[in-house]
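Take a look at the structure below. Then read on for a short walk through some of its parts.

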Amino acid sequence: MELSGGEVLMEALKEEGVEMVFGYPGGAVLHIYDALYQQNSVKHILVRHEQAATHAADGYARATGKPGVVLVTSGPGATNAVTGIATAFMDSVPMVVISGQVQSRFIGSDAFQEVDCVGITRPCVKHNFLVDSLENLASTIKQAFYVASTGRPGPVVIDIPKDFTTPGITVPFSYPKEVEMRSYSPPTQGHPGQIRKAVDIILSAKRPMVYSGGGVVLGNASEQLRTFVKSLGYPITQTLMGLGAYPASDKLNLGMLGMHGTYEANMAMHECDVLIAIGARFDDRVTGEVDSFCPHAKIVHVDIDPASISKNVAVDVPIVGNVSQVLEAMSEQISATEKRADPADLADWWAQIKGWASGNCMDYEASTTEIKPQSVVEALWRVTNGDAYITSDVGQHQMWAAQYYGFDKPNRWINSGGLGTMGFGLPAALGVQLAFPDEIVACVTGEASIQMCIQELSTCMQYGTPIKIINLNNRYMGMVRQWQEFSYEKRYSHSYMDALPDFVKLTESYGHVGMHIENPADVEGALKEAFALKDRLVFMNFVTDQTENVYPMIEAGKGHHEMRLNPARELA
Amino acid sequence: MRHVISILLENESGALSRVAGLFSARGYNIESLTVAPTDDSTLSRMTIVTSGTDAVIEQIIKQLNKLVSVAKLSDLSEIDFIEREIMLIKVRAVDQGREEVKRLTDIFRGRILDVTDSSYVIEVTGDDYKLRAFVDALGADNILEVARSGATGIGRGEKSLKV
């Protein structure tokens, strides 16, 4: 079969099982778009901005576990995509970004819409390729998908000069069945000796703690984690990225840890004698001040990326491997031995944890006059039976969504944890809804974040995605305002949101349904009404309490045991 | 501590900048970096001299291994190895000084490559310590220009760094 470069790309995407591509056309990809036009197997989703293409592909990937695919043009197309690529990189999301490049003979000449895409994206991709010939195009695509989706996943960019996609210039096409890359071999099996050592420590614990992260979600190891934790009866906490991997409703679950984690999770981290870290990377938002991190604990760390091990915190028993395989191996060994942690020690430990939990750190002051943002998330949980796909933007609303929407399933909580990208939520929700047209998808956002990619309301109209947008509108960049209140003597420097649009009218102008909710008594009814509109996008503008802060909080330079609790809770 | 790391790198465009970019992005030190083709045309060999605590060196090695362009890597400082670097140094050489510089060059087993009425260009080969010793012996006042190649290294014995 003789194919042009554009056709090679389409056939390769088909071979990879790609059902949709998120993109935006331009000069350098015109040949590719022409090939796209003449085929039916790959669907194209036309976004309104390339950043949104990457976030939508990212949301699609996080919800499905399959690589998200993006198609953008050279120059500004590529640079607009960078924020989304970096977002996917920080959260290890499998993604393949295809960018057009100027013709190979013009590279380096400052040609129209030329940027060094491979150079610009290098620090925020798992790997990238500048295609050097039409002959190597198919094998490069094969390698890109392989690298993006194996090991610790991540985004891979393929930059294709325009002359390699010219219609009429063809090569014999055959898509490689296998990939052989001598310089890339992702680890799979954990070392049996290390696993034995880890199990021994785990079963000798007096005050054990399991700390699991996004790696469990990415590694599709949720079942294995549940089996492992339940067989031990140990307490578990999850990172922001790991929510849902272990059911929020289970009694062993202490909730999220870290900067805005629960008091009991953070105290248990501080006091534990054995910490079992699974698919987590000891991020600074999780550890607090590293010098006072888990001061009494022996640490077991399971991760697929050797570079994650002992990067921020030195660990005692590292296990490099696929999380699901290692968890299975550990569970097998545990069931094969009689040895168990002393039940009396464990009972004492649980009593201590229950004591910390009895303070109900997530309680907040209710109000009949102002809408409390936390109450909106709680109502959202009730109305959606806790079973929706929730995307979020970045800031206070993100933390409230993480804290008050109890996720029982993995891949349901989709947010930019590592990079913290405002503007992520709406396009990510678009990607999720397109992947799962019959599921409930909601985007919890704020009036600042939503405006960073609000143009995607147009894309949502075009593809009929019935997303529900929960806008917690406090007329502030809430998290910035909160830090200014705590650390800058309430000098609210440029954290206000003035000249806001009328969100209802704005939404309606895009052809969607807009709702404005000011009264706390109307919250739940409005949500029910919105979710009853099954085939419509509804933008719900909740006017919330401007002064509400996210609690509990570990401030900069503090340890897990030095949390700042909600003052309203202390009064109660 | 100072470490000499040898890397076999895929010989492809951009591979060098992946390594250089890693060091600048993560704030690691580079004392020197050399790169040249090997007997295998698909591979380049790079030698990086860096320094840091044990934890930092461990991270550097892990991060380098993580780069898709890195085929194989060895921390030479962990084994018995030979380090060599070439230095070309231009010095002022007048009056009695000419004889003294010649003598020093012989002691350091260097060679004089270029001679004028007032200057020499000298070639010296050795490890970092030897080259610095030679510079010190010449004295800063006499030195007109220094060009160092950066270190390269290889392990002793039969065991080799191969893909």
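The paragraphs below begin with chain B and then move to chain A.

Keep in mind that this is a predicted model. Chain B has 4 helices and 9 strands. Read from the N terminus, its elements follow the order β-α-β-β-α-β-β-α-β-β-α-β-β. Its C-alpha atoms fill a box of roughly 55 × 35 × 30 Å along the principal axes. Chain B has 163 residues, and 42% of them count as buried. Now take the contacts in chain B between residues at least 6 apart in sequence. Of these, 73% join residues at least 24 apart.

Helix H1 of chain B spans residues 15-25. Which residues of this helix are buried? They are Ala15(B), Arg18(B), Val19(B), Leu22(B) and Phe23(B). These residues sit on the same side of H1(B), because they cover an arc of only 130 degrees around the axis. Turn to the other side of H1(B), and Ser24(B) and Ala25(B) are exposed. What do the buried residues of H1(B) pack against? In chain B, their partners are strand E1 (2-10), strand E3 (43-51) and helix H2 (54-66). They also pack against strand E6 (127-130) of chain A. Just after H1(B) comes Gly27(B), with a positive phi of about 70 degrees.

Further along chain B is Asp95(B). Its place is in the loop between strand E5 (81-92) and helix H3 (96-107). Phi of Asp95(B) is near 50 degrees, a positive value in a residue other than glycine. Is Asp95(B) buried or exposed? It counts as exposed, because its relative accessibility is 63% and the cut-off for exposed is over 50%.

Ala499(A) is not a glycine, yet its phi is positive, near 55 degrees. With a relative accessible area of 73%, Ala499(A) is exposed.

Now go to Thr73(A). It lies in the loop between strand E4 (68-72) and H4 of chain A. Thr73(A) counts as buried, because its relative accessibility is 4% and buried means under 20%. Its contacts, leaving out residues up to four places away in sequence, include Tyr24(A), Pro25(A), Gly26(A), Gly27(A), Ala28(A) and Val29(A). Ala78(A), Ser99(A) and Gly100(A) are touched too. Thr73(A) and Gly27(A) are 46 residues apart along the chain, but 6.7 Å separates their C-alpha atoms. A polar atom of the Thr73(A) side chain lies 3.2 Å from the backbone nitrogen of Ala28(A).

Pro76(A) belongs to helix H4 (residues 76-90) of chain A. Its relative accessible area is 39%, so Pro76(A) is partly exposed. Which residues does Pro76(A) touch, not counting residues up to four places away in sequence? They are Glu50(A) and Gln113(A). Pro76(A) and Gln113(A) are 37 residues apart in sequence, and their C-alpha atoms are 6.8 Å apart in space.

Next comes Asn253(A), in strand E11 (residues 253-256) of chain A. Asn253(A) is buried, with a relative accessible area of 11%. Its side chain reaches the backbone nitrogen of Gly255(A) at 2.8 Å. Residues up to four places away in sequence aside, Asn253(A) touches Ile236(A), Thr237(A), Gln238(A), Tyr246(A), Pro247(A) and Ala248(A).

The last stop is empty space. Rolling a probe the size of a water molecule over the atoms shows where such space is left. How many cavities of 30 Å³ or more does a search of the whole structure find? The search finds 1. The largest cavity holds about 30 Å³ of space. Among its lining residues are Cys361(A), Met362(A), Asp363(A), Trp400(A), Asn549(A) and Tyr551(A). Helix H15 (residues 396-404) of chain A gives the largest share of the lining, 3 residues. By type, the lining divides into 7 nonpolar, 4 polar and 1 charged.

Pro552(A) has its place in the loop between strand E20 (538-543) and helix H21 (567-571) of chain A.

Definitions and conventions: Residues numbered from 1 in each chain as written. Chains lettered and ligands numbered in written order. Predicted model: local features only at pLDDT ≥ 70, side-chain atom pairs only at ≥ 80, totals over all residues. Heavy atoms only, no water. Buried < 20%, exposed > 50% of the residue type's maximum accessible area, 1.4 Å probe, protein only. Helix = DSSP H or I, 4+ residues; strand = E, 2+ residues; numbered from the N terminus. Arc of directions from axis to C-beta. Contact = heavy atoms within 4.5 Å. Polar contact = N/O pair within 3.5 Å; in protein donor to acceptor, adjacent residues only side chain to side chain. 1 Å grid on protein atoms, 1.4 Å probe; cavity = no way out; pocket = protein on both sides within 12 Å on 5 of 7 lines; lining within 4 Å. Points joined across faces, edges and corners; volume = space filled by probe spheres on them. Nonpolar A, V, L, I, M, F, W, Y, C, P; charged D, E, K, R; others polar.
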